[in-house]
Amino acid sequence: GLTRRCLNSSLVSDNDVLDLQGEISLDYHTIIDKAVNITSTTNDGKISSEGNVFEINNKGSHSNLTNICLYNTQLILDGADYINIDHINVSTENFYGLGSGKGVTSIREGCDYINVTNSYFYVYNNGGYSNFVLAGSGFVNVDNNTFHSEGAVGNVVYLNFFNVNNQTNQF
């Protein structure tokens, strides 16, 4: 279903379920540009990219991200609406610079009606960059999550307008 940068339009349609089983290594910035359900029915779905970005953009609005792990991977929502994130694990360990400019997990400008629930966000020694960032987004529900940071890290949770054009956060 994934091409070098986004979802393959001939294989993946809106509302499809992408069931990740085992580990997938990505060596490039990946964009979710369709409304899909990304999950792991076997509870072992892991995306590892050694510093690349896994992004849901505006075309990926109405997507769901559940029961997966992102390891040393930056998770960015940019311009996406109505996203549900539930029971995910975003972990960064000893990867200097991961999260630079935006944060390891970042819900950016133009994102509205986002739910982040029952998830775990962990950063260990990334050189001083934030773990979880809300920047220029609105109507974001963050409920029953764990944020854990150790070593040389930045903010654990950061609400800001840094590096955005839209100045209207509504949390």
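Modeller: I begin with Thr-105, whose bridge partner in β15 is Phe-132. The model is a predicted one, and what follows describes its computed geometry. Strand β12, residues 105-107, is joined to β15 by three bridges, and the two strands run parallel.

This pair belongs to an open sheet of six strands, with the order β3-β6-β9-β12-β15-β18 and parallel pairing. At its edges stand β3 (30-32) and β18 (157-160), each of which pairs on one side only. From one strand to the next, the twist averages 15 degrees. In general, the strands of a sheet pair through backbone hydrogen bonds, in either a parallel or an antiparallel manner.

Thr-30 lies 23 residues away from Val-53 in sequence, yet their C-alpha atoms are 6.1 Å apart in space. Apart from neighbours within four places in sequence, the contacts of Val-53 are Tyr-28, His-29, Thr-30, Gln-74 and Ile-76.

The largest nonpolar core comprises 32 residues, and Ile-38, Phe-54, Leu-77 and Ile-107 have the most contacts inside it. Among the strands that each supply at least two residues of this core are β6 (53-57), β9 (74-78) and β15 (132-135); β8 (68-71), β10 (81-86), β13 (112-117) and β14 (120-124) do likewise. Beyond its neighbours within four places in sequence, Ile-38 is in contact with Leu-18, Leu-20, Ile-32, Phe-54, Asn-64, Leu-65, Thr-66 and Ile-68.

Another open sheet of six strands has the order β1-β4-β7-β10-β13-β16, and its pairing is parallel. Its edge strands, β1 (17-19) and β16 (138-143), each pair on one side only. Here the twist averages 10 degrees from one strand to the next. Five bridges join β13 to β16, which run parallel, and Asn-115 stands opposite Asn-141 in β16.

Tyr-82, found in strand β10, has a phi near 55 degrees, a positive value in a residue other than glycine. Its relative accessibility is 42%, so Tyr-82 counts as partly exposed. Asn-72 lies in the loop between β8 and β9, and its phi, near 50 degrees, is likewise positive in a residue other than glycine. Asn-72 counts as buried because its relative accessibility is 3%.

The C-alpha trace spans about 40 × 35 × 30 Å along its principal axes. Of the 171 residues, 45% count as buried. Among contacts with a separation of 6 or more, 64% come from residues 24 or more positions apart. The chain exposes about 7700 Å², of which carbon and sulfur atoms supply 44%.

Note on methods. Residues numbered from 1 in each chain as written. Predicted model: local features only at pLDDT ≥ 70, side-chain atom pairs only at ≥ 80, totals over all residues. Heavy atoms only, no water. Core = buried A, V, L, I, M, F, W, Y, C linked by side-chain atoms within 4.5 Å. Buried < 20%, exposed > 50% of the residue type's maximum accessible area, 1.4 Å probe, protein only. Helix = DSSP H or I, 4+ residues; strand = E, 2+ residues; numbered from the N terminus. Contact = heavy atoms within 4.5 Å. Pairing = 2+ DSSP bridges. Axes fitted to C-alpha atoms, helices over the stretch in contact; angles between N-to-C directions. Areas by Shrake-Rupley, 256 points an atom, 1.4 Å probe, with all protein chains shown as cover.
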